[in-house]
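User: I would like a close look at one part of this structure, followed by how the rest of the chain is built. Please keep it plain.

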Amino acid sequence: MTHISASIVPNLWFDREAEQAAQHYIDAFGGNGRIIKTIASHPDSPSPQDVPVVVEFELCGQRFVGINGGPHFHFTEAVSLEVRVAGQEKLDQIWAALVEGGQEQPCGWLKDKYGLSWQVTPSDYYDLLDKGDDAADARLMSAVLSTHGKFNIAELQAAYNGS
């Protein structure tokens, strides 16, 4: 098979708030991002005419495109963005910024004020799973499944350790 060089850029459909959402996400990650460009709606397009139709932005080195396409489509939990963070302080900071105006969900998930689902996951979780202890992994998964809202790293570690 031939190697194909490509990049994957998630496109996120908004009613008309793509630019505000992009700035909200950049702010949520402590300014680690930027709006790269906006493209005005074409006069013949069914998209809203008073906002850019495309907002290309970068967040933590990942490119995204926000599309102001009107009220036809909405986010569902079928697609989420996972943020892997090191340490409880960073997890708390990003969680608080993303959940503002949205709602907490089970298992470390949240839905932001635009309806986009996020998983804010401590990197420690994956470090524990890499150890290959099936009994400890099962205890950890039970703790994950019983969590409503953000993760507490110390609690996950205690569950993994069986304490």
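Leaving aside its neighbours within four places in sequence, which residues is Leu129 in contact with?

Analyst: Leu129 is in contact with Asp137 and Leu140, once neighbours within four places in sequence are left aside; contact means heavy atoms within 4.5 Å. This is a predicted model, in which local features need pLDDT of at least 70 and side-chain atom pairs count only at pLDDT 80 or more, while totals for chains, interfaces and linings use all residues. Residues are numbered from 1 along each chain as its sequence is written, and side-chain values use heavy atoms, with hydrogens and water left out.

Leu129 belongs to helix α3, which covers residues 123-129. Helices (H or I, at least four residues) and strands (E, at least two) are DSSP runs, numbered from the N terminus. Leu129 counts as partly exposed because its relative accessible area is 28%; buried means under 20%, exposed over 50%, and partly exposed in between, with a 1.4 Å probe and protein chains only. Leu129 and Glu77 are 52 residues apart in sequence, and their C-alpha atoms are 24 Å apart in space.

Now the chain around it. The protein chain has 5 helices and 8 strands, in the order β-α-β-β-β-β-α-β-β-β-α-α-α along the sequence. Its C-alpha trace spans about 65 × 45 × 30 Å along the principal axes. Of its 163 residues, 39% count as buried. Take the contacts between residues at least 6 apart in sequence: 58% of them join residues at least 24 apart.

Helix α1 (residues 18-28) has these buried residues: Ala18, Ala21, Ala22, His24, Tyr25, Ile26 and Ala28. They pack against β1 (11-14), β2 (33-40), β3 (52-59), β4 (62-68), α2 (88-99) and β8 (117-122). After α1 comes Gly30, with a positive phi near 65°.

In soluble globular proteins, nonpolar side chains tend to be buried together. Beyond four places in sequence, the contacts of Trp118 include Tyr25, Phe29, Leu59 and Leu98, and also Ser80, Leu81 and Trp109.

Glu56 lies in strand β3. Glu56 is buried because its relative accessible area is 16%. Not counting residues up to four places away in sequence, Glu56 touches Ile35, Ile36, Lys37, Arg63, Phe64 and Val65.

Cys60, in the loop between β3 and β4, has a phi near 55°. Cys60 counts as partly exposed because its relative accessibility is 43%. Cys107, in the loop between β6 (103-104) and β7 (109-111), has a positive phi of about 65°.

Last, the surface and the charges. The protein chain exposes about 9,200 Å², and carbon and sulfur atoms supply 52% of that. There are 11 positive and 22 negative side chains, and the centres of the two sets lie 3 Å apart. Lys and Arg count as positive and Asp and Glu as negative, while His and the chain ends are not counted.

Terms used
Accessible areas come from the Shrake-Rupley method with a 1.4 Å probe; for residues, only the protein chains shown count as cover. The place of a charge is taken as NZ of Lys, CZ of Arg, CG of Asp or CD of Glu.
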